[in-house]
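Thank you all for making the time.

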4 protein chains.
Amino acid sequence: VRLLQRFARGELHLTRIEAFSDGVFAIVVTLLVLELKVPALADHRSVALLAAALTEQLPKFLSWLLSFIIVCKFWLNHHQLLSQARSANYALVWLNSLFLLGQAFIPFPTALLGEYPANPLAVSLFGLVMALNTILFISLQAYLTTHLLRAQAQAPSPRQIRQGFVGPLSYLTGAAAAWMYPPLGFLLYLVTPLFYIVPPMPEPRIE
Amino acid sequence: VRLLQRFARGELHLTRIEAFSDGVFAIVVTLLVLELKVPALADHRSVALLAAALTEQLPKFLSWLLSFIIVCKFWLNHHQLLSQARSANYALVWLNSLFLLGQAFIPFPTALLGEYPANPLAVSLFGLVMALNTILFISLQAYLTTHLLRAQAQAPSPRQIRQGFVGPLSYLTGAAAAWMYPPLGFLLYLVTPLFYIVPPMPEPRIE
Amino acid sequence: VRLLQRFARGELHLTRIEAFSDGVFAIVVTLLVLELKVPALADHRSVALLAAALTEQLPKFLSWLLSFIIVCKFWLNHHQLLSQARSANYALVWLNSLFLLGQAFIPFPTALLGEYPANPLAVSLFGLVMALNTILFISLQAYLTTHLLRAQAQAPSPRQIRQGFVGPLSYLTGAAAAWMYPPLGFLLYLVTPLFYIVPPMPEPRIE
Amino acid sequence: VRLLQRFARGELHLTRIEAFSDGVFAIVVTLLVLELKVPALADHRSVALLAAALTEQLPKFLSWLLSFIIVCKFWLNHHQLLSQARSANYALVWLNSLFLLGQAFIPFPTALLGEYPANPLAVSLFGLVMALNTILFISLQAYLTTHLLRAQAQAPSPRQIRQGFVGPLSYLTGAAAAWMYPPLGFLLYLVTPLFYIVPPMPEPRIE
C-alpha cells in the first residue's frame, strides 16, 4: 500500500506527456505504411503483373487502413481524456506509458494480419491486441477520472463507461470468430470502428 | 441527419491536432529516404560500379524529391488552413484524420514510381493518390471554412477555390498521360508543384 | 579553460530542447517494434507453424518490452530534470545531445539481445549500453543542478545521487553475469527496472 | 521580380515551422540507427564471430556517430537562427523546406559511407552532401537576417559570416581528399565538427 501511495505523488507537466504521446501516435500511424512493400516484378513494364501483385496485397491494404483508423480513434480518446486532467502524477505517467506500449506494438499484429489473413492465429491475435489496448485505455481513464479530474470536468456516466466496453467485446468476438472462419474475424474488426467513430450522444439533462 | 449532427459537436484543442499532424508530416517526409537503398557492389572500391548503381536509381531520387516537395506544400496549406479555425469538432478531427491517412500513404506510391518508372500503372497510381490527397484537403478546407472559421479570418474567394482544383486536375492529367507514355506522366508530376509553390496573388481589394 | 567557458554561454530556449528530445524518445520507443519481424511460414494457414515461429521470437518480445520500459523511464527522468532548469546554454545542449545519442543507439543492442539471447557478448553489450546511458544522464543532471538550477528547485540530496548509481551498477552486474550464464544477465536486466520505476521516497523534512 | 515579391508575403506561425523542423531533425537522427544491422552468425553463441562481425561494422558506427553530431549541430544552429526571426513568410518556409530536404537526405550518404568507406565516390558524396546542407543553411540565414530579423536581434558580423564558410570548405576538402586516399576524407569529416561544436566567441564590444 505504501508503495502504491508513492505513485500518487509527483507533479508532472501534462504538456510534455501530451507531446511524447502525440509523437508515439504519429509515428505508429506513419510506420504502418512500411508494411506495404513494393512487389518484385519479372517484367518491370508489365501492367498485368503489377496489378496482380497489388491485388494480392489487398489484405495488407485493409489491415493498414483498419489500424490507421483505430490508432486515430485512440489518439482522439487520449486527447479528450488528458484535457480533463488537472495535473499528472507518477501513476498517470506509468499507466500512460503502458498504454503507449500497447499502441507502439500495433504495427506487429497489423503486419501479421496483412500477411496471413487466412490464419486463425494471426487474425485472432490482432483482435486480442486491440482488446488489450482498449483495456489499457480504460485503466488510464479510470485512474484519471477518479484521482486527477479537473474541477470543471465531468466524470463519464455509467452509460458511457458501459459503452467503453463495446470496443474490447467486439474485438474479442472477432478474435473468437477467427477460429471458425478467419475472414469473419477480419470483417468484425472492419465493422467495429464504424460504431465508435460516431461521437457519443450528449447526456440527457434533467431539468 | 441526426448522426451527422453529432459530429458537429465537441470542443477539441487545435494545438494537439496540429502537433499530431506535424508529427505525421515530419515522419512522412523523412521516411521517404528509406526507399533510397545502398546498392550492393561486387567490388567495394569500384567508383565505376557505384556511379552506375546510383545513376540507375535516378528515378528513385526524382520520386523522393517530388514527394518531399508535395508533402511540404500540403504541410504549408494545412498550417495556413488550421490557423483560420476558431475551434475544432469531431467532424474536423475525422476529416483531418482521413487527410493524414492519405499523407501517410504517400511513401508507398512514391516507392512504386521510383522502382517502376516505365510502368504505366505505377506512374498513374502516383498521380491518382496525389489527386485523392488534394481532394481530401479540399474537403477539410470546405468544412472548416463553412463551419469553423474565425471571426477575423477570410473565406477563400471563388477564384482561390477554382485554383485549388488545378492540383488534382494536373495530377489526373499526368495519371492519364502515363498510359500513353509513362515518362510524360512523370514529367507532368514534376512540373505541377512549380505552379503551386508560388504563393497566391493577394485578392484585389475593392475600395 | 577558456574553451570550456565558452560552452557556459548562450541563452537557448528550453521548449525547443524538450521538443527535440521528446521527438527522439518517441521515435526510439516506436522504432523498437520494427525488430519484431513477421515470420515466413511454409503453410500460410498453419496455426502450429505460426505459433512455433512466434514462440521462437520470445527473446525479441522480451527485449522489446525491456527497452520500451527503460526508455520511458529515461524520458520521465529527463522530463523532471529539465523542468528544474532556469535556462539552457551550449554545454547543456551538447550534454543533452550526447544523452540523446545514447538513447538513439538503444534499438541496436536491443536487436542484438533479441536475436542472440544466448550469446554472452550480445547480452553484455546491452547492459554496457544501458549503463553508459545512465552515466550520460547523470552527467547531464550533474551539470544542470550545479549550473542552471531554478531558484525554487531543489538540488538532489546525496541519498538521491547515490540511488542514481544503482541503475548503472545493476546493468554492469548483468553485463558481467552474462559471461557466466547469458540468461542470468537477461534476467538481471528484466529485474532492474522494477526497482527504479517506483517513484523516490520524499526526503524526510527536519522540522 | 513580381513573382519573387509574392514569396515575401504571408504571415506564418513560427511555432509550427519549428515543430515541423524539430520533428524532421528528431526523426533523421533516430533513423540513422537503422543502418546498423544485426549481423547473421553461423553459430549464435559464438562470441568470436559476433565480435568479428561488429568490428567489421566499425565504419558504420563511425558514420552513424558523425552524422548524429552533424545533425545535432544543424539543429542547434537552426534553433538559434529561428529564435531571431520576428515572423515568417513564404520565402522563409520554402528555404526552410529546402534545408529540411537536405537534412532528410543525410541518412542515405551516411549509409553509403558506412558501407563503402574505401570507395572514393562514396566518401566524397558524403562531404558534398554535407557541404550542400551547410550552404542551404547559409541561404536560410542570409534571407532571415536581411528580411525578417527581430528588432532586438543582432545580425551576424562579417567575421561570423566568414566562419560559417569554414564548414562547407572543410567538407569539400574532405570530399577532394577522398579521391587521393578515402580514409583521409573520412578523417577530415571526423575532425570538422570538433571545430564548430565550440560555441562562437562573443564579439568584442567597442565602448
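Let me begin with a term: a residue is called buried when its relative accessible area is under 20%, exposed when that area is over 50%, and partly exposed in between, with a 1.4 Å probe and protein chains only. What you see is a predicted model, in which local features need pLDDT of at least 70 and side-chain atom pairs count only at pLDDT 80 or more, while totals for chains, interfaces and linings use all residues. Residues are numbered from 1 along each chain as its sequence is written, chains are lettered from A and ligands numbered from 1 in the order in which they are written, and side-chain values use heavy atoms, with hydrogens and water left out.

With that in hand, Arg16(C) is buried, and Asp22(D) is buried as well. These two residues form a salt bridge, by which I mean a side-chain nitrogen of Lys or Arg within 4 Å of a carboxyl oxygen of Asp or Glu, and the closest N and O atoms of Arg16(C) and Asp22(D) are 2.7 Å apart. Arg16(C) belongs to helix H2 (residues 14–31) of chain C and Asp22(D) to helix H2 of chain D, so this pair joins two chains. Helices here are DSSP runs of H or I, at least four residues long, numbered from the N terminus.

Asp22(B) and Arg16(D) also form a salt bridge, with their closest N and O atoms 2.7 Å apart. Asp22(B) sits in helix H2 of chain B and Arg16(D) in helix H2 of chain D, so here too the pair joins two chains, and both Asp22(B) and Arg16(D) are buried. Elsewhere, Arg16(A), Glu18(C) and Asp22(C) are linked in a network of salt bridges.

Within chain C, a salt bridge brings together the side chains of Lys60(C) and Glu115(C), at 3.1 Å from N to O. This pair links distant parts of the chain, with Lys60(C) in helix H4 and Glu115(C) in helix H6, 55 residues apart. Lys60(C) is buried, at a relative accessible area of 15%, whereas Glu115(C), at 30%, counts as partly exposed. Over all chains, the count comes to 12 salt bridges.

Finally, which residues of H10(B) are buried? They are Pro182(B), Gly185(B), Phe186(B), Tyr189(B), Thr192(B), Pro193(B) and Tyr196(B). Seen down the axis of H10(B), these residues fall within an arc of 110°, taken from the directions from the helix axis to the C-beta atoms, so they line one face of the helix. On the other side, Leu187(B), Leu194(B) and Phe195(B) are exposed. What covers the buried residues, with contact meaning heavy atoms within 4.5 Å, includes helices H4, H6, H7 and H9 of chain B.
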